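User: I would like to learn how to read a protein model, one feature at a time. Please give the general idea before each case.

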Amino acid sequence: MNKNPSNKISRRSLLTSGGAALAGLGALPFIGAGVAQAMPLQADDEVIPWLDQMAENPVPQVIGNQLVWEKADTWITPNDKFFSIAHYGKPAISAAAAANWKLDVTGQVYNPLSLSLAQIKNRYRQDVTFTLECSGNHGLPFFHGGIGNARWSGVPLASILYEAGLKDSALEVVFWGADEGEEKVRDIPMKVNFARAMSVKEALDANILIGYAMNGADLPAANGYPLRLVAPGWYGIASVKWLKRIEVRPQRFQNRFMARDYVTIRKEERNGETIWTENLVGKALLKSAPVRVVRNNGKLRIHGAAWGGPIYRMEFKVDNGDWQFARYDQGQTGAYAWSFWSLDWPNASPGEHTISTRAVDWYQNTQPAPTDPSIANKQTYWESNGQITRKVRI
Ligand SMILES: Nc1nc2c(c(=O)[nH]1)N[C@H]1C(S)=C(S)[C@@H](COP(=O)(O)O)O[C@H]1N2
Ligand SMILES: [Mo]
């Protein structure tokens, strides 16, 4: 583990990082506003596009509207720029259908519920700003923009589970979407709805919402209209869209999205022996990425974003140089939303360069290098939270 960059750090960057540390420990968004730019992108910044752009998306029906990193110029991702994932297609739900929508809460509960949208909206409303990332993001050459940050509103899931009353037999909570697909296991063809499960303990987290609004507007059709789960701190797969039914079950639940896909396969070492592990994708992991390089008044500046944990600081590396502390610009360093950081890049020589980033969390964990066993020995594309390097020509 890398507790500190093992290199010389200028006095200026130390001072700047002190500001970042303060922002992190204060856990207050915008605490750095006095020393940082109000916006990561200035009006007269000229964006220098990355040379290594994504490959063409071969599955546009599954992955839509990916984030273009160079254009991520607002801390909140506008609804019309938010990416979407649809494994079983996008059910088109009209406003009339939404008016008749019922969310059923059933299973191991004392008082099964069937709540209309109006009944849900009439309950206590809670907001959370949460950066939702698909766990497949950066795992495939055509998938680097599966991330966005929104302010979500809804009713706390825990309040609904308490209202329904969990029986002692309650072990897991399963969330079902309205979208349907066909699966075949052991030659058994099945017609199934999208679903994901959590343990009861996980589901009672006070920050998880049954969400109906995104950035103050109804959820867009592609993002789950009229209702979706919003699970801050989890990878996107947990936030089930077009939510129809919550079922509390006495047994563990499995399906394609709990046991076949969204399973990370790794080789791990145990006392010199190699063992294979298969882990279900769940909580989000510490991560960062270069956002863009900008030129302003002849001066270059590198922007980056960090998320997936309580961010303590972010660092940049140009080519094979030393890791350098970045300046905190905007965002939340202690909650569920990404934060934006930047670094001056003086004396850049003309030609091609690489820009890498890494995030460090409050517990001094560093985002893993590509050579870290958790990344190097990973055999599947999910949970690709290794350090990211982009190419740029100056
Ligand atoms: N019902 C349903 N919910 C779903 C999915 C889906 O295909 N169907 N995809 C999941 C995945 S893999 C991700 S990454 C997030 C993406 O959320 P978004 O489409 O709002 O960006 O939704 C999750 N919820
Ligand atoms: Mo995902």
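User: How many residues of the lining of the largest pocket are nonpolar, polar and charged?

Analyst: Start with the general idea: rolling a probe the size of a water molecule over the atoms shows where empty space is left. On a 1 Å grid over the protein atoms alone, a cavity is a set of points where a 1.4 Å probe fits but cannot get out, while a pocket is an open set with protein on both sides within 12 Å along at least five of seven lines; lining residues have an atom within 4 Å of a point. For the classes, Ala, Val, Leu, Ile, Met, Phe, Trp, Tyr, Cys and Pro count as nonpolar, Asp, Glu, Lys and Arg as charged, and the others, Gly among them, as polar. Here the lining of the largest pocket divides into seven nonpolar, 10 polar and four charged residues. There are 21 lining residues, and Asn 365, Thr 366, Gln 367, Pro 368 and Asp 372 lie nearest the centre of the pocket. The space in this pocket is about 420 Å³; a volume is the space filled by probe spheres set on the points, which are joined across faces, edges and corners.

User: What should I know about the model and its numbering?

Analyst: This is a predicted model, in which local features need pLDDT of at least 70 and side-chain atom pairs count only at pLDDT 80 or more, while totals for chains, interfaces and linings use all residues. Residues are numbered from 1 along each chain as its sequence is written, chains are lettered from A and ligands numbered from 1 in the order in which they are written, and side-chain values use heavy atoms, with hydrogens and water left out.

User: How many cavities of 30 Å³ or more are there?

Analyst: The count comes to one. The largest cavity has a volume of about 230 Å³. Its lining has 19 residues, with Ile 85, Gly 236, Ile 237, Ser 239 and Lys 241 nearest the centre. By class, this lining has 11 nonpolar, five polar and three charged residues.

User: What is the strand order in the open sheet of four strands?

Analyst: Strands (E, at least two residues) and helices (H or I, at least four) are DSSP runs, numbered from the N terminus. Two strands pair if DSSP finds at least two bridges between them. In this sheet the order is β19-β18-β22-β23, and the pairing is antiparallel. β19 (324-325) and β23 (388-393) are at the edges with a single partner strand each, so one side of each has no neighbour in the sheet. Two bridges join β18 (residues 311-318) to β19, where Phe 325 is the bridge partner of Glu 315.

User: How many aromatic pairs are found in the whole structure?

Analyst: Rings of Phe, Tyr and Trp (its six-membered ring) pair if their centres lie within 6.5 Å; planes under 30 degrees apart count as stacked, over 60 as edge-to-face and the rest as tilted. The search finds 13 pairs. One of them joins Tyr 88 and Phe 257 edge-to-face, at 5.5 Å centre to centre and 70 degrees between the planes. These two residues are 169 apart in the chain, with Tyr 88 in the loop between β3 (84-85) and α2 (95-99) and Phe 257 in helix α6 (residues 256-260). Tyr 88 is buried at 13%, and Phe 257 is buried at 0%.

User: Is Trp 242 buried or exposed?

Analyst: Trp 242 counts as buried, at 1% relative accessibility. Its phi is positive, about 50 degrees, although it is not a glycine. Asn 347 also has a positive phi, near 60 degrees, but is exposed, with a relative accessible area of 78%.

Key: Buried means under 20% relative accessible area, exposed over 50%, partly exposed in between (1.4 Å probe, protein chains only).
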